[in-house]
Amino acid sequence: MNRIATLVLLLAPWFSLSAQNVEPSAQQAASALQVREGYRIDLIASEPLITDPVSARLDRRGRLWVVEMPDYPSGPLDGNPPSGRIKILEDRNQDGTFDEATIFADQLVFATGVQPYRDGAIVTLAGRIVFMQDLDDDGTADKTTVWFKGFAEQNQQLRANHPMLGPDGLIYIANGLRGGKIEAVDSRFDQKPAPLDLRDRDFCFDPDGPWWGVVAGKSQFGLTIDDFGRRIGCSNRNPAMMTPLTLQAVDRDPWLASRDAIHNVALAAEQSRVFSRANAWTTSNLHSGQFSAACGVLAAGMEDDSGEWLLACEPTAYLVQRQRMDRSESVWNSHREETEQEFLSSSNTWFRPVDATVGTGQSVIVVDMARAVIEHPDFMPIELKSRPDQMDGRNLGRIWKITPLKTEESEQRLDRLDQAFQWLNSNSPWQRQVASQMILESKDVVEVPLRSIMQSQDSVRGQARAAWILHRRGSLLPADTDSLAKSPHARLRALAIDLSSELDHGIALASRLSSDSDPLVLRAAAASLAGNSDHPNQRIDGMAAIARATNDSWTVKILGTVDPALLQGLAAKLALADFRHPKLLNHLIQRISLDDPKAAATAIARRLESQTLKTSKDATTATNELLDCLESWLVGTKRGRRSPKQVLSMLDDTDRMVLITAFKATGEVVIDTSLPPESRARAISIADETGYLPKQVEDLLDADTPPPVRVAILPILLQQDPQATREYLIKKLTGMSVSLRSATVAACSRSADDTLWLLTKIEGGAIPKTVIDPATAKRFRQHANPEIRKLANSLLRSAPNRVAVLQRYSVSATQLGDAKLGKKLFIDHCSACHRIDGQGTNVGPDISDTRTKTAGSLLTSILDPNAAIDASYIQYSVLTLDGRVLDGLLIDESSESVTLQQKGGERVTVPRQDIDRMQAPGISLMPEGFEQTMDTNAMSHLLAYLKNWRYLKTRIPGTLPTPQNNP
């Protein structure tokens, strides 16, 4: 199939869709909706009252604040000012439909969220957070004050959004994915010495000042907080995420990055399921039947007879999904209800639900942007970026209200403080939210009624909100938290620990609850005990008790972040204990090794001597536990700049012999063919580093040796016997498997001598240059050694004219090959950085959604990767003081170190004191030069696989499948 035919096929659904669905009226839209049995749906606002709504919030007076974004996706029309607005909707005749709109603020540049607050509203827009005040209560903003600036603005879908008041009185902001460098502008807030990096973090501040900062999380568009302070965000492929770890815990542990704090509440990506009632033509069409644009998550404590539930919007499938929530150990998980019918769905493709918020009573409000196209041009193939219907629907907008049929009438306006105290115990999430906000904003004395609510046990959620407000006001007493700690409800007991963690009695309370039977309480106790170092014995005893009792992985991870001053004490306690998580002890030892490798070695000796490592286990399990233990110590010791021999010399004779015996045992593992190859490969590394590698290991290069073992031994033999090993490579390199060949090249790149030898043999023709993959070729061309750099640029330089390369390979895109052969090529050449159909690693962008991209555009991305680079995947290069060049995706950085994710998914953390230079040269993580390893025929096979991998079993070579409906 030629390029024109392919383009026609791709564009056909867009044009036919627009022709069949010309701006449906509100009545037509309503008739196309289907809501879950037991609920009714009402249209409570529509055009012309509102247009292009993207977010909404119902205030305590029953007014709906609506954020409008008519300029999406490309900005204002030529010559026109921005047309973004915030409107306040009111239902004057009390018939359940909003009938009056007041423009609170207009000419806004891509406003993304609003939080009504005091005499105005907190708004996210155009890289800033502002406070807009209505000084005369006429519904119109009279004064705008910029509070913060520096949020990223590159893409309207990826900006900070959804300011949300938590029960703690703080305002939380969803990151938007692109982050930014944040500075406080208003004088009420602390001035920090440098802008705050929001990469992979959400934002938070005290609206009364002075505190502001980052919190764990990485929500794209949407944020929801319940009565206990549980915060859930979302991203396109992740409909619900929470953060069991705090950033403080992450920062204490050198082996964690901020993204390690995130837990997927809902099934994500290919594990998720959505059931659309219409053809879901999207730029991520290969994600058909899955969440691909999840947003507007809502989990504010909505409950029915079956328990708690959440909602997630999916605008590309025209639906809102409800999921049942339950707690698994200490974290929440949610699952789609077991029915093909979604909670709310439409057969009309203009239904675009982008946000959900709580409404009066038990109702929820769904914001419908009502656009023909919701996808941003940044994520479309080139041939679709200028499609004519991107702005179709900018004069439309609908707000829907979904209400249980069995519901009681409830008050819809809050005016008095005494009424607010009553509402805290309401079964309506909205009433609890606005009541909490009114009390937080009040300057009256509220301690007595709040304490009465907290002790009444009428409503667990009301008790939680009362406790939060008392804590906010500095009025929470030890007697209050002790009362909560005795509650039969685990969430209240956990909250008692959280609220008292920084108070004098917090340690005693957390220690007392370290024997609690509930995993959530144990996680809270672990977080409290691990977060500081005062009263060390009490903290260590409590954490050891938790380690023995818990099965919860998040609690174990928290214990691994223990304050550095308690590391050795906790490790010593656990080394002598029979507990369930040996990896926790290994991790503590790894951390200790950074600063005190001798103490870590002593802890290992105690561990090796204890019965816990000697209990009757099968040989593989026992071997792997031994290797885990030693690897942890070696990794930490190396990062702490000590050699094993140096540390052994510091130990007493008894401990030294224990470790030497263990090192000798790893040497025996190397040659034990009864053990798994992966275990033997790990043992090779340990035995080599400690000096106990067996002799005659060159026999491990034999063809009948398992590949993992050969891969592990090659770099060692290059050092031990370079001449013989090089002769072996000249004879055998081209016949090796791709993985073994890649490992060999990587081994040669570890030393300048081996690299020069390899390049010289390529120059002389003894070894073909195709053994060098593009990423390695690029490293050689940038090598610190001038001789290597010169030779590599002569031999491995990419074609200077990318256009000529593309022209030469254009036949690959017009005559697609065999997708089955392409799959093997993908695994060999692409899977180190990309993942498709369960194969590979997601280091680079997700390339599985390729059906709506032409083969030509894919070819350009492969051969000219720097033509258009996603800002999230720019390569960073680190030059170390010892001359190494490390390339990868920057996933975390601190004042002490930077962490890169490299090809294959491996993380490398480099101490800043070892860095000579770090730069982002503005080039893609994807290297140029693929034409050196793949001819036009092979490229046609690869393109066929990228285009048609999902249909591999039924595909006819050389054809493209017709678009499929969602399942």
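The crossing of helices H19 and H20 is left-handed. This description concerns a predicted model. Two packed helices are described by the angle between their axes and the distance between the axes.

**Helices H19 and H20**

- Helix H19 comprises residues 653-670, and helix H20 comprises residues 677-690.
- The two helices pack at an angle of about 135°, and their axes lie 8 Å apart.
- H19 and H20 are therefore oblique to each other.
- On the H19 side, the contact is made by Phe663, Thr666, Gly667, Val669 and Val670. These residues meet Ser679, Arg680, Ala683, Ile684, Ile686, Ala687 and Thr690 of H20.
- By residue class, the contact of H19 with H20 holds seven nonpolar, four polar and one charged.

**Helices H8 and H9**

- Helix H8, residues 478-485, packs with H9 at an angle of about 150°, with the axes 7 Å apart.
- That angle makes H8 roughly antiparallel to H9, because angles over 145 degrees count as such.
- The crossing of H8 and H9 is left-handed.
- Thr481, Leu484 and Ala485 represent H8 in this contact, where they meet Leu492, Arg493, Ala496 and Ser500 of H9.
- Four nonpolar residues, two polar residues and one charged residue make up the contact of H8 with H9.

**Helices H6 and H7**

- Helix H6 spans residues 447-456, and its axis comes within 8 Å of the axis of H7.
- The two axes cross at roughly 145°, and H6 passes H7 in a left-handed crossing.
- From H6, the residues in contact are Glu447, Leu450, Arg451, Ile453 and Met454. Their partners in H7 are Gly462, Gln463, Ala466, Ala467, Ile469 and Leu470.
- The contact of H6 with H7 divides into seven nonpolar, two polar and two charged residues.

**The second largest pocket**

- The second largest pocket holds about 1800 Å³ of space.
- Its lining consists of 48 residues, and those nearest the centre of the pocket are Thr246, Gln248, Trp468, Asp498 and Ser501.
- Two or more lining residues come from each of strand E16 (212-216), helix H3 (247-252), helix H7 (460-472), helix H9 (490-500) and helix H11 (519-530).
- H9 contributes the most to the lining of this pocket, with six residues.
- The lining of the second largest pocket includes 27 nonpolar, nine polar and 12 charged residues.

**The cavities**

- Rolling a probe the size of a water molecule over the atoms shows where empty space is left.
- Six cavities of 30 Å³ or more are found in the structure.
- The second largest cavity has a volume of about 110 Å³.
- This second largest cavity is lined by 16 residues; Met164, Leu223, Leu298, Ala356 and Thr357 are those nearest its centre.
- At least two residues of the lining of the second largest cavity are supplied by each of these strands: E3 (53-58), E11 (161-165), E17 (223-225), E21 (295-304) and E26 (353-358).
- Nine nonpolar, five polar and two charged residues form the lining of the second largest cavity.

Notes. Residues are numbered from 1 along each chain as its sequence is written. This is a predicted model: local features need pLDDT of at least 70, side-chain atom pairs count only at pLDDT 80 or more; totals for chains, interfaces and linings use all residues. Side-chain values use heavy atoms; hydrogens and water are left out. On a 1 Å grid over the protein atoms alone, a cavity is a set of points where a 1.4 Å probe fits but cannot get out, and a pocket is an open set with protein on both sides within 12 Å along at least five of seven lines; lining residues have an atom within 4 Å of a point. Grid points are joined across faces, edges and corners, and a volume is the space filled by probe spheres set on the points. Helices (H or I, at least four residues) and strands (E, at least two) are DSSP runs, numbered from the N terminus. Ala, Val, Leu, Ile, Met, Phe, Trp, Tyr, Cys and Pro count as nonpolar, Asp, Glu, Lys and Arg as charged, and the others, Gly among them, as polar. Axes are lines fitted to C-alpha atoms, for helices over the stretch in contact, and angles run from 0 to 180 degrees between N-to-C directions. Angles under 35 degrees count as roughly parallel, over 145 as roughly antiparallel, 65 to 115 as roughly perpendicular and the rest as oblique. A crossing is left-handed if the near helix is turned anticlockwise from the far one by less than a right angle, and right-handed if clockwise. Contact means heavy atoms within 4.5 Å.
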